[in-house]
Amino acid sequence: MQKVSELILSHTDHIQFTSEKVNYTYDIRVFVPEGEIPPGGYSVYYVLDGNSYFQIARDVVKLQSRNAPKTHIDPAIVIGIGHQESDCSQKRFHDFTAISKEYIYPPRLKGKGGDLGSHGGAENFLAFVEEELKPYVKMHYPIDASKQCLFGHSLAGYFTLWVKFTRPELFQAYLSSSPSVWWNDHELLMYAQKYAVNTTVAIDNNVLITVGGEEGFMVEDAEKLTQVLQKHQRPVEMYTALEENHSSVVPSVMSRMFRFGCSQVKEE
């Protein structure tokens, strides 16, 4: 007979989380699945741009974990990390970009780079995730801290890979959808090269990069980054979703990405 303490009801918590590291209040949503808690706790998916993608991520886990033997997606906790609607656009450009001595904008922005707001807040944002949010989640939810994945799309996909290349030990799988490799004159390729050459195998966890087949130069950028990692025998997979564009690609690849994430954090 199952103990009552081992069972939990499915629910979603909505939290306004004020970060001292960033001096900003983030919109956090937490989905907890229903059923018996695994002995070591649930795997966790941290989903950036939670305003846009938390609901899709939650539904992928909620629906497909009902038949995990076929879908290969186990019950998991999903954490959506969102900005406030009032300043979401400019704040994400600040939080998701690494600090740099200068910023070089592509010609298509036509001199409007300054309209994006300030940049270079990735270190502080990562400190919020690592030192404030993750400890809170560990304290309040039944998670397995050794089974955590990070998902991001577009500029958040850039941030996801930046974390992989600078602090790879923080997550067990990195899921990057249509990453903005173009940002700041393709600086992410430099981070990838440095990581590939210098990082020890002990923290060489896996990466999945996806991109829509109709995303033009972003497909080429994703291929270049993948090739940098492959050249140095670093684990990486890339998937191109045919006939999908930058706006449509996430719903079409989310199941594949979470399935990949589950496979990377399973105990051997």
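Biologist: Where does Arg234 lie relative to Tyr195 here?
Modeller: In this predicted model, Arg234 is placed over the face of Tyr195, at 5.6 Å from the ring centre.

Biologist: And what sits over the ring of Tyr24?
Modeller: That is Lys91, whose charged end is positioned over the Tyr24 ring, 4.8 Å from its centre. Tyr24 also belongs to a cluster linked by ring pairs, with Phe17, Tyr26, Phe96, Phe125, Phe128, Tyr136, Phe159 and Trp162 as the other members.

Biologist: How many aromatic pairs does the structure hold?
Modeller: There are 20 aromatic pairs in the structure. One of them is formed by Tyr26 and Phe128, which are stacked, with 4.4 Å from centre to centre and 15° between the planes. Because Tyr26 lies in strand β3 and Phe128 in helix α4, this pair ties together parts that are 102 residues apart in sequence.

Biologist: Are those two buried or exposed?
Modeller: Tyr26 and Phe128 are both buried.

Biologist: What about Tyr46 and Phe171, why is that pair edge-to-face?
Modeller: The ring centres of Tyr46 and Phe171 are 5.8 Å apart and the planes stand at 70°, so the pair counts as edge-to-face, for which the planes must be over 60 degrees apart. Distant parts of the chain are linked here too, as Tyr46 is in strand β5 while Phe171 is in the loop between α5 and β8, 125 residues apart. Tyr46 has 0% relative accessibility and counts as buried, and Phe171, at 1%, also counts as buried.

Biologist: Switching to the sheet, what's the strand order?
Modeller: The sheet is open and has eight strands in the order β2-β3-β6-β5-β7-β8-β9-β10, with mixed pairing. At the edges stand β2 (11–19) and β10 (237–241), and each has a single partner strand, so one side of each is left without a neighbour in the sheet. From one strand to the next, the twist averages 20°.

Biologist: How many bridges join β8 to β9?
Modeller: Strand β8, residues 173–177, is joined to strand β9, residues 206–212, by five bridges, and the two run parallel. Within this pairing, Ser176 of β8 stands opposite Ile209 in β9.

Biologist: Which strands does α4 lie across?
Modeller: Helix α4, residues 122–140, lies across β2, β3, β5, β6 and β7, and its direction is at about 135° to β2. Helix α7, residues 217–231, packs on the sheet as well, where it touches β9 and β10, and its direction makes about 160° with that of β9.

Technical notes:
Residues are numbered from 1 along each chain as its sequence is written. This is a predicted model: local features need pLDDT of at least 70, side-chain atom pairs count only at pLDDT 80 or more; totals for chains, interfaces and linings use all residues. Side-chain values use heavy atoms; hydrogens and water are left out. Two strands pair if DSSP finds at least two bridges between them. Helices (H or I, at least four residues) and strands (E, at least two) are DSSP runs, numbered from the N terminus. Axes are lines fitted to C-alpha atoms, for helices over the stretch in contact, and angles run from 0 to 180 degrees between N-to-C directions. Contact means heavy atoms within 4.5 Å. Rings of Phe, Tyr and Trp (its six-membered ring) pair if their centres lie within 6.5 Å; planes under 30 degrees apart count as stacked, over 60 as edge-to-face and the rest as tilted. Buried means under 20% relative accessible area, exposed over 50%, partly exposed in between (1.4 Å probe, protein chains only). A charge sits over a ring if NZ of Lys or CZ of Arg is within 6 Å of the ring centre and within 35 degrees of the ring normal.
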